[in-house]
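Let's take a friendly walk through a protein model. Please have a look at the sequence and the structure before reading on.

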Amino acid sequence: MDNAGAVLRIDLDALVDNYRMIQRQVGPALVGGVVKADGYGLGAQRVAQILTQAGCRHFFVALLGEAMRLKPRLCADASLFVLNGLQPGAEAACAQAGIIPVLNSLDQIDRWAALARSLGRHLPAAIQVDSGMSRLGLPPDEVALLIAQKERMDGIALRLVMSHLACADEVNAVFNAEQVAAFEKVTQCFPDVPRSLDNSGGSFHQRAHFDLVRAGIALYGGAPANGPNPMRAVVSLEARIAQLRTVPTGSVVGYGASHRCDRETRIATIPVGYADGWPRHLSNCGSAFIGSVRVPIIGRVSMDSMTLDVSHVPQAHLYPGAPVELIGSHQSVDEVAADAGTISYEILTQLGPRYARFYRSASAAERKRSVAV
Ligand SMILES: *Cc1c(COP(=O)(O)O)cnc(C)c1O
């Protein structure tokens, strides 16, 4: 902890509470955990482990490589899906590992079915249809072909039909209803196959949620949609003051001399910078908190440090090693993201490897104690 620039605390109990809140929203649909990008930066294995304890049995990553690392850590009855589908040549490794690809094109379906037939056994898969986002999934013409030629899926055990919403975080967007209608229409051609459409945002729309939702950001405490955030905060980030100085009126601060002090200014330098994922866009516009006092970032965010105007902070809070809140009770991940002109997803997935990481989980601690007894 003394060797790191900041301490990242991850509250796994809050994460489980968020999982349960989403479950209450979407029931009787099930909640799957999206743990791509190393669990949105929080640690895919830790997240998957705690979600498994909470009853989650469906997990989603983006890449086969992510799935390969995670699969051995999951319990035997968990399903692990690869959202981005399969690159040509990756089929055998995927099948061997018992990982479920989300097939996004007829070509991917053909290759997966061919492998199944050559192995002489059924291989599980999800298929994704493009209901309007034009990103991943079978486009409408390929869907029509597939429905006309269902034998192309011989050998595939279809576990899920899914699609993805473009505007899930805008509860009232007309486009949501259009995508829901398109998805309903297509999935009628796959009776008895479980369906999945909603991410975090969609999980809070006032309608039914098909069979499985794929929750990511809301599990990790980010706002599922525009407006008030009902989720519990999961992440906090606390730096420590590295150095303090008082500079006279007219002094400039940081690279590019982009801030000029219009009064005598007390400056605290903290050892967190853009190499830690703290956005350089927060130069001269973001803030931190000391006690409950907002301290603006002045000057540019450097690679390994940044400078704060702490002129209004009581002296008792200012000493080398004093704590500085970057994410916490005064400043949420959503607020940091808004200041930086981005979204909470980007802030979380960029959280750097140089932070000291601590995971909090009362349930795990209790279990350990009861085993020891
Ligand atoms: C990332 C992703 C999700 C999770 O989205 P959140 O908004 O984080 O809940 C769900 N489905 C797909 C296809 C995704 O790519």
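This report covers a strand and its neighbours, the cavities and the cysteines.

## About the model

This is a predicted model, where local features need pLDDT of at least 70, side-chain atom pairs count only at pLDDT 80 or more, and totals for chains, interfaces and linings use all residues. Residues are numbered from 1 along each chain as its sequence is written, and side-chain values use heavy atoms, with hydrogens and water left out.

Helices (H or I, at least four residues) and strands (E, at least two) are DSSP runs, numbered from the N terminus. Look for strand 3, residues 58-61. His-58 and Phe-60 point one way from this strand, while Phe-59 and Val-61 point the other way. In a regular strand, side chains alternate between the two faces of the sheet. All four of these residues are buried, meaning under 20% relative accessible area; exposed is over 50% and partly exposed lies in between (1.4 Å probe, protein chains only).

Two strands pair if DSSP finds at least two bridges between them. Strand 2 (residues 30-34) runs parallel to strand 3 and is joined to it by 2 bridges; Gly-33 has Phe-59 as its bridge partner. Strand 4 (residues 79-82) is also parallel to strand 3, with 4 bridges joining them, and here Val-61 is partnered with Val-82. Between strand 3 and strand 4 the chain passes through helix 4 (residues 64-70), a right-handed β-α-β crossover. Right-handed means that, with the strands pointing away from the viewer, the path from the first strand over the helix to the second runs clockwise.

## Cavities

On a 1 Å grid over the protein atoms alone, a cavity is a set of points where a 1.4 Å probe fits but cannot get out, and lining residues have an atom within 4 Å of a point. Grid points are joined across faces, edges and corners, and a volume is the space filled by probe spheres set on the points. There are 2 cavities of 30 Å³ or more.

The largest has a volume of about 50 Å³, and its lining includes Asp-130, Arg-135 and His-164.

## Cysteines

How many disulfides does the structure hold? It holds 0, a disulfide being a pair of cysteine sulfur atoms within 2.5 Å. The sulfur of Cys-56 is too far for a bond, because the closest cysteine sulfur, in Cys-75, is 9.3 Å away. Cys-56 counts as buried, at 1% relative accessibility. Cys-285 is in no disulfide either, with the nearest cysteine sulfur, that of Cys-261, 17 Å away. At 36% relative accessibility, Cys-285 counts as partly exposed.

Methods: On a 1 Å grid over the protein atoms alone, a cavity is a set of points where a 1.4 Å probe fits but cannot get out, and a pocket is an open set with protein on both sides within 12 Å along at least five of seven lines; lining residues have an atom within 4 Å of a point.
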